[in-house]
Amino acid sequence: MNRLQEKAQGLKQGLYLHVPFCARQCDFCNFYQRPPSRAEVQEFIQGIADELDSEPPPATVDTMFWGGGTPGLLSPTDLRSLAESVLSRLAKPPAEWTIEMAPATVNQEKIKTLLELGVTRFSMGVQSFQEPLLERLGRVHSLSRIYKAYEILRQCGADNINLDLIFAIPGQSLQLWEQDLAEAIRLGPEHISTYCLTFEEDTALWLRLRKGEIEATAPADEADYYLQTWAQLEAADYAQYEVSNFARPGKACQHNLDTWAMQEWAGYGPSASGQQGQLRYTRAHSLEEWLAGLKAGKPAYADTVDLSPGILATDALIFGLRCNRGVNLDAWAKRFDMTGTALASQLNTFITSLTEDGLAKRNGSLIQLTREGRLLADRIGVEILELSS
Ligand code: SF4
């Protein structure tokens, strides 16, 4: 056992499970997913059981996240068998268990089943409260479906709900975005995530952009959306804890915080990513390839990275700085054996330049981005990556 693995024993453990089915592809999304057939769902559920057998999760998992795809597309019976398959291999249910639900898939039976099984947190992809913008994004749900789904979640007793919203959608104005935020606040979920629309290659939206049928929001204007979001949510007592994430006290998503802090998590299912010991991996994207790997007893990966302390240190800094709590540089240097290294000294110089430019503030060994710095978090991340390569 090397030193990094020894230290890994003290790390938080997460479990991510990817459900690769969606009713149809949204126009902005390039995640791997497909419309489910009965036979494929059964193969997937059996595949997860096989994968858990061949690569068991740690006995104690602090957090679990089921994403996709649309996990909520599965029937209550299928959700139950999938959950039992995972839970039977854990010493106890995780303290936080999030499942992503598309509004169109929410019904009482499903939510009651999930709560009974131990789900603690529901994340719903609302994206917008404006019907024309939902259509532009190619979402299958209508506005009324969003309200119905939210009502069902609350009626069934869900007490930790996240709503995902998207801004900088072609055709959206800052005023419409303010209205979306106001509507989310009025509903009163415990958590709100806000994402700036990106045009992923080969998506329907990207093709329309290429053909000149729609216009992207100018990067300079995107800052106005961020600032509006931060001001409006803060005024409504949603504390920002990461560039895109806001929560009522005690309701931040622990699974994501642990991931950004470079703790460990096991990933199951097609295209799931994981990070354990010295390996970071993404499993094969397609259901066929993933199943074939399982049948052959040889897990199929789309990508693997041998982790070094340098990679982990860099990523912990990049993702840590995106969080409002920032990074304690002394603890960071100790954890990743960075004390006195050339990389630590380069990063220290870079961080000093950030503080001089008003993009970060330093309090002893704690470094946090300022509001201006958070606006440039992506660029700062790229610069840190360049320094370390
Ligand atoms: S955005 Fe969500 S629901 Fe839409 S295609 Fe992507 S994974 Fe499926």
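How many residue pairs are in polar contact between domain 1 and domain 2 (both at pLDDT 80 or more)? The count is six, a polar contact being a pair of N or O atoms within 3.5 Å; within protein, one must be able to donate a hydrogen and the other to accept it, and residues adjacent in sequence count only if both atoms are side-chain atoms.

The model is predicted, so local features need pLDDT of at least 70 and side-chain atom pairs count only at pLDDT 80 or more, while totals for chains, interfaces and linings use all residues. Residues are numbered from 1 along each chain as its sequence is written, and side-chain values use heavy atoms, with hydrogens and water left out.

View A. Domain 1 spans 3-259 and domain 2 spans 309-388, with bounds from an automatic or database domain assignment. Their C-alpha centres are 28 Å apart. In contact (heavy atoms within 4.5 Å) are 13 residues of domain 1 and 12 residues of domain 2. The two domains bury about 1,200 Å² between them, 59% of it on carbon and sulfur atoms; buried area is the accessible area (1.4 Å probe) that two parts lose on being put together, summed over both.

**View B. The salt bridge across the interface.** One salt bridge is found between domain 1 and domain 2, the term meaning a side-chain nitrogen of Lys or Arg within 4 Å of a carboxyl oxygen of Asp or Glu. Arg-322 pairs with Glu-242 in a salt bridge, with 3.2 Å between the closest N and O atoms. On the side of domain 1 that touches domain 2, two or more residues each come from helix 1 (3-8), helix 9 (219-235) and strand 7 (239-242). Helix 9 gives the most, four residues. Helices (H or I, at least four residues) and strands (E, at least two) are DSSP runs, numbered from the N terminus.

**View C. The salt bridge of Asp-258 and Lys-12.** The structure has 17 salt bridges. In the one between Asp-258 and Lys-12, the closest N and O atoms are 3.4 Å apart. Asp-258 lies in helix 10 (residues 254-260) and Lys-12 in the loop between helix 1 and strand 1 (13-19), so the pair ties together parts 246 residues apart in sequence.

**View D. Residues around the ligand.** Among the residues around the ligand are Cys-22, Arg-24, Phe-28, Gly-68, Gly-69 and Arg-139, each having a heavy atom within 4 Å of it. A cis peptide bond, with omega about 20°, joins Gly-68 and Gly-69. Gly-69 is placed in the loop between strand 2 (63-68) and helix 3 (76-87).
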